[in-house]
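Good morning, and thank you for the time on the agenda.

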2 protein chains.
Amino acid sequence: MGIAERKERDKEELRERILVAAKTLFLEKGVEKTSIRNIADLIEYSPGSIYHYFKDKNEIFHALHQGGFQQLMSRMEVLASVSNPMERLKGMGSIYVQFALENPDMYDLMFIKDAPILHVSNSNEEQWKEGFGTFNFLRTTIQECIQTGHFRGHEEEALSFLVWSTVHGMVSLRIRRRCEVVLAQRQDTIVKDGLHEFFSILDRLSS
Amino acid sequence: MGIAERKERDKEELRERILVAAKTLFLEKGVEKTSIRNIADLIEYSPGSIYHYFKDKNEIFHALHQGGFQQLMSRMEVLASVSNPMERLKGMGSIYVQFALENPDMYDLMFIKDAPILHVSNSNEEQWKEGFGTFNFLRTTIQECIQTGHFRGHEEEALSFLVWSTVHGMVSLRIRRRCEVVLAQRQDTIVKDGLHEFFSILDRLSS
DNA sequence: GTTGTTTTTGAACAGTGTTCATTTATTTTT
DNA sequence: AAAAATAAATGAACACTGTTCAAAAACAAC
C-alpha cells in the first residue's frame with residue numbers, strides 16, 4: 001500500500017506549500033491584507049481547495065505562528081550554558097527583545113493579534129503549548145534566581161508574569177507605534193534603553 | 001447670518017450622532033465587526049453620507065478614542081491631591097490598570113489597535129496629543145520622584161517608558177488573551193498580583 | 001471499462017470600505 | 001412667488017473579503 005502513503009505525502013506537501021505562500025504574503029503585507037484568494041493565486045490553486053487543508057484562515061495563521069515560537073525557543077537555547085540564573089534571566093530579556101524587533105510581524109502574530117489565539121480558544125484543549133513552553137522556561141529561571149537568594153519576598157508566578165509583561169510592554173508599544181508619537185526623537189533606542197533600566201533594577205533587587 | 005451658524009450646529013450634531021452610533025456598535029461588537037453600513041442603519045442615513053462627515057473609518061475611530069483619553073485623564077485627576085510623588089506614581093498605576101480592565105475595548109483602541117494610530121501618522125502633525133498628555137503626566141511624576149531622592153542612578157525618560165511598558169504589558173497580555181492559556185487558573189487575579197509585585201519593587205528602589 | 005473515491009473547481013452568498021453621478025432639500029437672488 | 005445657486009443625502013456600482021457547496025475532473029480499484 002505505497003500509494004496511500006504517497007498520497008499522504010502529497011497532501012502534506014501541498015499543506016506546506018499553502019503555509020509557505022501564506023508566510024510570504026503575510027511578511028510583506030500583514031495578516032489582514034493577505035487573503036485566501038491571494039494565497040490560492042500564489043500556489044496556482046482555486047480558493048476553495050485551501051479549505052480542504054485548513055479549517056479557516058485562523059488555522060493557517062495559527063500554524064504559521066508555531067514556527068515563530070520554535071525560532072524564539074531555538075534562540076533561547078544558547079543560554080543553556082549560562083549557569084548563573086540572573087545572567088540567564090537578563091540574556092532571555094535581551095533575546096526576547098531582539099527577536100521582537102527583528103521580526104515585528106511574527107511577534108505581532110504571536111503575542112498581539114487575536115487571530116491565532118482565538119483558534120486556540122475554539123479548538124478543544126491543546127493549550128497554546130508553544131507559548132506555554134517559552135513561559136515555563138522563564139518561570140524555572142526565576143525559580144532558580146529565588147533559590148539562589150534573589151528577589152527575596154517576591155512570589156514566583158506573579159513575578160514571572162511581571163517580567164514577561166515588562167519586555168512585552170516595551171516591544172508591543174514600539175511595534176504598535178505608540179512610541180513614535182510620544183518619544184519621536186528616541187524611537188530607535190528607547191526599547192534598548194528601557195531594557196537597560198530594567199536590568200539595573202533587577203540587579204538592584206538582588207543585593 | 002444666524003442661518004450659517006445653525007447649519008454649522010446641525011452638521012456638528014449629525015457628526016456627534018455618527019460618533020454615538022459608532023461607539024454603541026463598537027462597544028458591543030468591536031471595531032472590525034462594526035461596519036459603515038451598520039452605523040448608517042442606526043442613524044437612519046445612507047452609507048455614503050457618513051463620508052461627508054469623516055474621511056474614512058479610521059477617522060471615526062480616532063475621534064472615538066479621544067474620548068477614552070479624556071476618561072482616563074479625568075480619573076487621574078483625583079491624584080492631584082496626593083503630594084507624595086511615590087504614592088502618586090503607584091496611584092497612577094492602579095488607575096491605569098483599573099481603567100484598562102474595566103474598559104478593555106476602549107483600551108484596546110487607545111493602546112493596541114493600529115487603526116486610530118495610523119490615522120495620526122497619516123494626518124500631518126497634531127501628534128496624538130491625547131496620549132502625549134497622559135504620558136507627560138507620568139514623566140513629571142517620575143521627575144518629582146527623582147528630585148525627592150528616589151530611583152537614584154536612573155534616567156527619567158527611559159524609566160518612564162519602562163514603567164508605562166510594565167503596566168501596558170500586563171493589561172495587554174490580559175486583554176489579548178495570552179494569560180488564559182499560560183496562567184489559566186489565575187487569570188482573574190494575575191494582573192492585580194503582578195501590579196503588587198511591581199509596587200513592592202518600586203518601593204525597594206527608593207530605599 | 002466500469003465503479004468508487006478523492007481532489008479540485010468556480011460560482012454563489014453575504015458581507016466589506018469607498019466613490020460618485022444623480023436626486024432631493026435648502027438657501028439666496030431675482 | 002419663481003428661478004437660480006448651493007449644499008446635503010442618496011443608492012447603485014466597484015473591487016474586494018471569508019466561506020460554502022454542487023458539480024466536475026482526476027485518480028485508484030476491481
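Which residues does A:Val97 touch, not counting residues up to four places away in sequence? Please bear in mind that this is a predicted model. The residues in question are A:Val167, A:Met170, A:Val171, A:Val191 and A:Leu195. A:Val97 also has a place in the largest nonpolar core, which has 94 residues. Within that core, A:Val97 and B:Val97 are the residues with the most contacts.

Let me turn to the chain as a whole. Chain A has nine helices and zero strands, so that its elements, read from the N terminus on, run α-α-α-α-α-α-α-α-α. Taken along the principal axes, the C-alpha atoms of chain A fill a box of roughly 65 × 45 × 30 Å. Of the 207 residues in chain A, 34% are buried. As for contacts in chain A between residues at least 6 apart in sequence, 65% join residues at least 24 apart.

Next, the relation between the copies. Chain A can be laid on chain B by a turn of 180° and a shift of 0.0 Å along the axis, with an RMSD of 0.1 Å. The two copies are therefore related as by a two-fold rotation axis. The same surface serves both of them, in that 100% of the contact residues of chain A recur in chain B.

How many residues does the contact take from chain A and from chain B? It takes 42 residues from chain A and 42 residues from chain B. On the side of chain A that touches chain B, the elements giving two or more residues are helices H5 (104-112), H6 (115-122), H7 (129-147), H8 (156-175) and H9 (187-206) of chain A. H8(A) gives the most to that side, with 12 residues. By class, the side of chain A that touches chain B has 20 nonpolar, 12 polar and 10 charged residues.

I come now to the DNA. Around DNA strand D there are 19 residues, of which A:Ser35, A:Gly48, A:Asp56, B:Tyr45 and B:Gly48 come nearest. Helix H2 (36-43) of chain A and helix H1 (2-29) of chain B are the elements that give two or more residues to this surface. The surface near DNA strand D divides into seven nonpolar, seven polar and five charged residues.

DNA strand C is likewise surrounded by 19 residues, the closest being A:Tyr45, A:Gly48, B:Ser35, B:Gly48 and B:Asp56. Here the elements that give two or more residues are helix H1 (2-29) of chain A and helix H2 (36-43) of chain B. By class, the surface near DNA strand C has seven nonpolar, seven polar and five charged residues.

B:His65 is found in helix H3 (residues 57-76) of chain B. Is B:His65 buried or exposed? B:His65 counts as buried, because it has 25 C-beta neighbours inside 10 Å. Leaving aside neighbours within four places in sequence, B:His65 is in contact with B:Leu109, B:Met110 and B:Pro116.

B:Ser206, by contrast, is exposed, with 12 other C-beta atoms within 10 Å. B:Ser206 lies in the segment after helix H9 (190-204) of chain B. Not counting residues up to four places away in sequence, B:Ser206 touches B:Met86 and B:His150. The C-alpha atoms of B:Ser206 and B:Asp56, which are 150 residues apart along the chain, are separated by 48 Å.

Terms used: Residues numbered from 1 in each chain as written. Chains lettered and ligands numbered in written order. Predicted model: local features only at pLDDT ≥ 70, side-chain atom pairs only at ≥ 80, totals over all residues. Helix = DSSP H or I, 4+ residues; strand = E, 2+ residues; numbered from the N terminus. Buried ≥ 20, exposed ≤ 12 C-beta atoms within 10 Å, placed from the backbone. Contact = placed C-beta atoms within 7 Å. Near = placed C-beta within 6 Å. Nonpolar A, V, L, I, M, F, W, Y, C, P; charged D, E, K, R; others polar. Least-squares fit on C-alpha atoms with pLDDT ≥ 70 in both. Core = buried A, V, L, I, M, F, W, Y, C linked by C-beta atoms within 7 Å.
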